[in-house]
Amino acid sequence: MAAPFPKASNGEEQQQQLVCVTGAGGFIGSWVVKELLLRGYRVRGTARDPADSKNAHLLALEGAEARLSLCRADLLDPESLRAAFRGCHGVFHVASPLSNDPELVPVAVDGTRNVMDAVACEGVRRVVFTSSYGAAHMDPRRSPDAVLDETCWSDYDFCTRTENWYCCAKMTAEIAATAAAARLGLQLAVVLPCMTVGPTLPQQGPSSSNLHVARYLTGAKKAYPNAVAAYVDVRDVARAHVLAYEANNNNKGPAGTRRYLCVGAVLHRAQLAGMLRELFPQYPVTARCEDDGKPMATPYRFSNKRLRDLGLEFTPLKKSLHEAVICMQEKGHLYVIPKQTRANL
């Protein structure tokens, strides 16, 4: 086992720490890397193929030349994980299959267990794990008056019956991480982001959530569902990870797990479509609901107080959507319609 690392006693020492980010090239992982570099950390990012051009945007980040390195790691290869974590003060486990394929549920769980074991083997004591609000809010028995917060868990049986395998994977992976942290004596912070929107980094491709927004703008989405959804800005998600890590870093108490619900806004899809029409009136955003005639679904209440208490100020959703769309336009991922020509279409 590696020798114990020095404890940070002030901000300067803390920002000299080497930390590792799994899945560094992804939408959230990239912004976590950027946030860490901006705060002065030395960062080691993992990828299945560090030389892949889809990771090139990381090397262009401010501070990357001096304080960022990329290494190969696979969540199902424990030795590669140990090598990636060697000498690190903390690990941000962001990598996870983004799919609703039921065969990937055990991959997410086994990969998380491998990460936690490798962390302990290398003498690392602090982990930030990216879960999902899907591990907390999928419970049809929750009262409409209840407040969604860190004490809530999804109903696993409901998720399997509805074949929501992504939520099953996130929920079981988080449970595995929590159990491993208790068994291995680790400090674990769990961030639970919802649908994450906002701009991508330069040279980075579009995110799946931003493409979901683009479908409304192009008219591919002919009607919106009678449903509510939660949204958060990707930059807030990145800051939440670092704030949670630093809160754990300053924790002198025993090992344990602390969850952080990362939700900026909950609204009906009608409100989302209306917001997009207001921001970009030149696009053919639908005004039709799939369930016309049925009672309108009501947005539920939630609490993001735990992150706000750490100093996180959530970005207004309208700002996130505007910047996400402008980013897609500038990168050619969404065709541009000048505002004055919409009336002639």
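User: Where does a positive phi turn up in relation to α9?

Analyst: Gly219 has a positive phi of about 90°, and this residue comes just after α9. Keep in mind that this is a predicted model.

User: Which residues of helix α9 are buried?

Analyst: Helix α9 spans residues 208–218. Its buried residues are Ser209, Asn210, His212, Val213, Ala214, Tyr216 and Leu217.

User: What covers the buried residues of α9?

Analyst: The cover includes α2 and β8 (195–197). It also includes α11 (269–279) and α13 (317–330).

User: Let us move to strands. What is the general idea for side chains in a strand?

Analyst: Side chains in a regular strand alternate between the two faces of the sheet. Now take β9, residues 228–233. Five of its six residues are buried, so the rest of the structure largely encloses this strand.

User: How many bridges join β8 to β9, and do the strands run parallel or antiparallel?

Analyst: Three bridges join β8 to β9, and the two strands run parallel.

User: Next, aromatic rings. What describes a pair of them?

Analyst: Two values do: the distance of the centres and the angle of the planes. This structure holds four aromatic pairs. Among them is the pair of Tyr41 and Tyr245, which is edge-to-face. Their centres are 6.1 Å apart, with 75° between the planes.

User: Which parts does the pair of Tyr41 and Tyr245 tie together?

Analyst: Tyr41 lies in the loop between α2 (27–38) and β2 (42–47). Tyr245 is in helix α10, residues 234–249. The pair therefore ties together parts that are 204 residues apart in sequence.

User: Is Tyr41 buried or exposed?

Analyst: Tyr41 is buried, at 0% relative accessibility. Tyr245 is buried too, with a relative accessible area of 1%. Another edge-to-face pair is formed by Phe280 and Tyr283, at 6.3 Å centre to centre and 80° between the planes. Phe280 is buried at 3%, and Tyr283 is buried at 2%.

User: Which residues form an aromatic cluster with Tyr41?

Analyst: Phe92 and Tyr245 do; with Tyr41 they form one aromatic cluster.

User: Which charged residue sits over the ring of Trp153?

Analyst: Arg259 does. Its charged end is 3.8 Å from the centre of the Trp153 ring. Look also at Arg142, which lies over the face of Tyr300, 5.2 Å from the ring centre.

User: Now polar contacts. Which side chain makes a polar contact with the side chain of Thr130?

Analyst: The side chain of His241 does, at 2.7 Å. Thr130 is in strand β5, residues 126–130. Thr130 counts as buried, at 5% relative accessibility. Leaving aside neighbours within four places in sequence, Thr130 is in contact with His93, Val94, Lys170, Val191, Pro193 and His241.

User: Where is Asp155, and is it buried or exposed?

Analyst: Asp155 is in the loop between β6 (147–148) and α7. Asp155 is buried, with a relative accessible area of 14%. Its side chain makes a polar contact with the side chain of Arg141, at 3.0 Å. A polar atom of the Asp155 side chain also lies 3.0 Å from the backbone nitrogen of Asp157. Beyond neighbours within four places in sequence, Asp155 is in contact with Met138, Asp139, Pro140 and Arg141.

User: Which residues does Asn164 contact, leaving aside its neighbours within four places in sequence?

Analyst: Asn100, Met138 and Cys159. Asn164 is in the loop between α7 (156–161) and α8 (165–184). Compare Val127: Asn164 and Val127 are 37 residues apart in sequence and 27 Å apart in space, C-alpha to C-alpha.

User: Last, disulfides. What is a disulfide?

Analyst: A covalent bond between the sulfur atoms of two cysteines. In this structure the count is zero.

Notes:
Residues numbered from 1 in each chain as written. Predicted model: local features only at pLDDT ≥ 70, side-chain atom pairs only at ≥ 80, totals over all residues. Heavy atoms only, no water. Phe/Tyr/Trp six-rings, centres within 6.5 Å; stacked < 30°, edge-to-face > 60°. Helix = DSSP H or I, 4+ residues; strand = E, 2+ residues; numbered from the N terminus. Buried < 20%, exposed > 50% of the residue type's maximum accessible area, 1.4 Å probe, protein only. Lys NZ or Arg CZ within 6 Å of the ring centre and 35° of its normal. Polar contact = N/O pair within 3.5 Å; in protein donor to acceptor, adjacent residues only side chain to side chain. Contact = heavy atoms within 4.5 Å. Disulfide = S-S within 2.5 Å. Pairing = 2+ DSSP bridges.
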